[in-house]
Amino acid sequence: MTPRLIGVGVGPGDPELVTVKAVRVLREADVVVVPVLAGPDPEPGRAETVIREYVAADRIRRLEFALNDTGGVTPRRAAAWQSAAAAVAEEFAMGAGTVAFGTLGDPNLYSTFSYLAQTVRELVPGVTVETLAGITAMQDLASRAGISLAEGTEPVVLVPLNGGVAALDQALASGGAVVGYKVGAAASPGPAVLRDRLHQAGRLDGAVIGARLGLDGETIAPAAEFLPSPHPGPDTRPGPDIPYLSTLIVPAKRRPGTGSGLATAALQVLPVTQAPADTAGPEQDRAGQHLDDSEGASLSSQQQRCSFAVAAAGEASSVPETGAEPEQQLLGRVFFVGAGPGAPDLLTLKGAAVIAAADIVIWASSLVHPDVLGHARQNAEIVDSAQLPMEGVLPYYQRAAREKLTIARVHSGDPSLWGAVQEQLEQCAQLELATEIVPGVSSFTAVAARIGRELTIPEVAQSVILTRLGGGKTPMPPGEQVAEFARHGTTMALFLSAARSGQLQDELLAGGYPPDTPCVIAFQVTWPDELIVHCALNDLAATIREHKLWKHTLVLVGPGLAAGGSRSHLYHPGHFHGFRKADPQARKQLRAADQAAAHQAAAHQAAAADRP
């Protein structure tokens with residue numbers, strides 16, 4: 001049996017934001033390991049707290065990490081990492097076939113898992129390393145704060161604040177949403193400095209900070225309250241302590257009225273009528289899947305349903321049973337549920353529970369897997385929105401307001417990322433409907449998991465840019481073109497851009513990416529007809545055209561996608577610290593590699609600077 005090490009993203013802290021698949025993998029693993037703060041009597045870490053909801057405590061093994069060390073790779077931290085990897089190797093030696101490592105958020109974004117996996121590969125030849133995508137802190141914070149991260153052509157830039165203020169300043173200048181991780185890290189800008197940067201960029205108003213999301217002591221507040229003024233007055237209160245893993249979201253700069261494109265007359269739409277079952281379907285793709293988002297016929301009452309529920313360890317399922325009556329409520333409610341990229345078991349437990357309790361489930365058959373409907377009650381009204389404009393969905397919201405019903409509006413991926421939820425939130429507010437966003441696994445993290453690549457590689461790419469190609473009917477604002485973002489030379493995820501592959505390739509090259517920059521083209525990720533192709537940037541357009549891809553396709557690009565990635569110095573035999581001497585030959589190789597990387601980075605910056 002080939003040993004398997006699986007990095008499982010367990011979300012930011014709320015046990016309900018674990019995916020159905022994550023719970024299954026954790027329960028089926030021979031051993032579950034979790035990081036814990038080193039000490040004589042360590043308290044359960046955040047990942048362990050989540051996992052204990054579904055896995056018995058006696059099946060969990062703690063790995064001590066020096067999580068409270070600051071200043072980079074300290075001798076204590078290096079020794080702890082080495083010890084953790086040795087403990088995993090020991091489990092395999094004792095006969096474990098599968099070891100699952102639970103990590104907060106997603107294992108391919110700013111995660112401890114990549115460091116562990118790197119050394120386990122060295123200690124256990126032949127081990128298979130896999131990752132399972134999870135909900136990130138930015139998605140949870142956006143949903144709790146009611147923020148739509150990206151609408152239309154807006155980009156989203158992820159930056160680690162402990163990398164300095166330069167990357168933050170560049171991101172703030174883009175105008176799109178900015179997500180700052182590790183707000184409370186010792187190396188991050190101090191609260192007063194961070195407030196000043198946001199203020200100088202005109203982005204302080206609307207910015208929010210979240211800490212301990214989904215756990216006791218959770219805090220979500222405007223950044224202006226977290227960050228003290230650099231010029232305090234006599235009545236100024238000191239800001240609260242900011243934990244290490246706090247997250248900052250600076251919403252996109254939007255023109256007044258953005259997201260409210262419906263005419264007021266749309267609120268007077270006549271009562272809902274079901275579309276006939278034989279309504280012609282939308283255009284189909286290479287595998288017969290519906291492609292057109294402009295909605296289709298309502299689901300027949302004879303639609304087959306499949307159901308799967310997950311109960312907490314030793315407890316009954318939190319997902320209501322089929323046929324359960326909804327609780328009495330004072331207001332109608334609309335939940336915008338992220339169904340994930342495709343595979344139905346990448347739905348979160350909270351998403352499943354919301355669908356199970358809904359009176360009306362609105363879904364798009366062109367984008368959402370039909371098995372997700374297996375969670376719905378038998379007497380729930382199922383509406384396929386695949387051929388309905390917003391005006392066609394609005395009558396259901398009106399009815400929910402009149403009759404105090406609960407609607408689950410099921411979106412593919414995550415509703416906060418190009419989910420067109422902003423205008424729906426505004427319409428719901430006009431109707432006095434309560435609303436909530438339930439985050440879902442995004443396709444960009446699902447692709448990273450499928451190809452086994454961390455998107456944030458030490459010393460190569462620590463920022464991630466999520467964007468889409470401009471042009472066509474929706475021009476990009478100045479400073480938000482793909483070529484401008486390409487100048488950063490970091491990891492980019494490009495949504496909704498495959499239809500203009502030639503323009504996409506040209507803009508990426510114009511921004512300064514070398515022609516041999518690795519690219520990943522992912523069609524229908526996690527669906528049965530999934531297709532993932534690797535190519536160099538110079539071949540991107542030809543590869544997309546060769547496979548006739550234009551919808552449901554995500555493109556990843558950046559040096560961090562190279563087959564070998566970038567090896568952290570922490571476990572390199574050429575790196576030395578207080579607990580280990582460096583191998584002389586490996587030390588020379590490490591220095592040579594560092595020099596080559598520095599030259600390549602300088603060349604990229606020079607090429608980008610020379611571009612018009």
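Guide: Let us begin with one residue of this predicted model. Arg399 has a relative accessible area of 19%, and because buried means under 20%, Arg399 counts as buried.

Visitor: With which residue does the side chain of Arg399 meet in a salt bridge?

Guide: Side chains of opposite charge can pair when their charged atoms come close. Here the partner of Arg399 is Glu403, at 3.8 Å from N to O. Both residues belong to helix H10 (residues 390-403), where four residues, about one turn of the helix, separate them. Glu403 is partly exposed, its relative accessible area being 45%.

Visitor: How many salt bridges does the structure hold?

Guide: There are 17 salt bridges. One of them joins Glu90 to Arg61, with an N to O distance of 3.4 Å. Glu90 lies in helix H3 (residues 75-93) and Arg61 in strand E3 (residues 60-65), so this pair ties together parts 29 residues apart in sequence.

Visitor: Are Glu90 and Arg61 buried or partly exposed?

Guide: Glu90 is partly exposed at 39% relative accessibility, and Arg61 is likewise partly exposed, at 27%.

Visitor: Where do Asp359 and Arg377 lie?

Guide: Asp359 is in the loop between helix H9 (349-357) and strand E12 (360-363), while Arg377 is in the loop between E12 and strand E13 (381-384). The pair links distant parts of the chain, 18 residues apart. Their closest N and O atoms are 3.5 Å apart in a salt bridge, and both Asp359 and Arg377 are buried.

Definitions and conventions
Residues numbered from 1 in each chain as written. Predicted model: local features only at pLDDT ≥ 70, side-chain atom pairs only at ≥ 80, totals over all residues. Heavy atoms only, no water. Salt bridge = Lys/Arg side-chain N within 4 Å of Asp/Glu carboxyl O. Helix = DSSP H or I, 4+ residues; strand = E, 2+ residues; numbered from the N terminus. Buried < 20%, exposed > 50% of the residue type's maximum accessible area, 1.4 Å probe, protein only.
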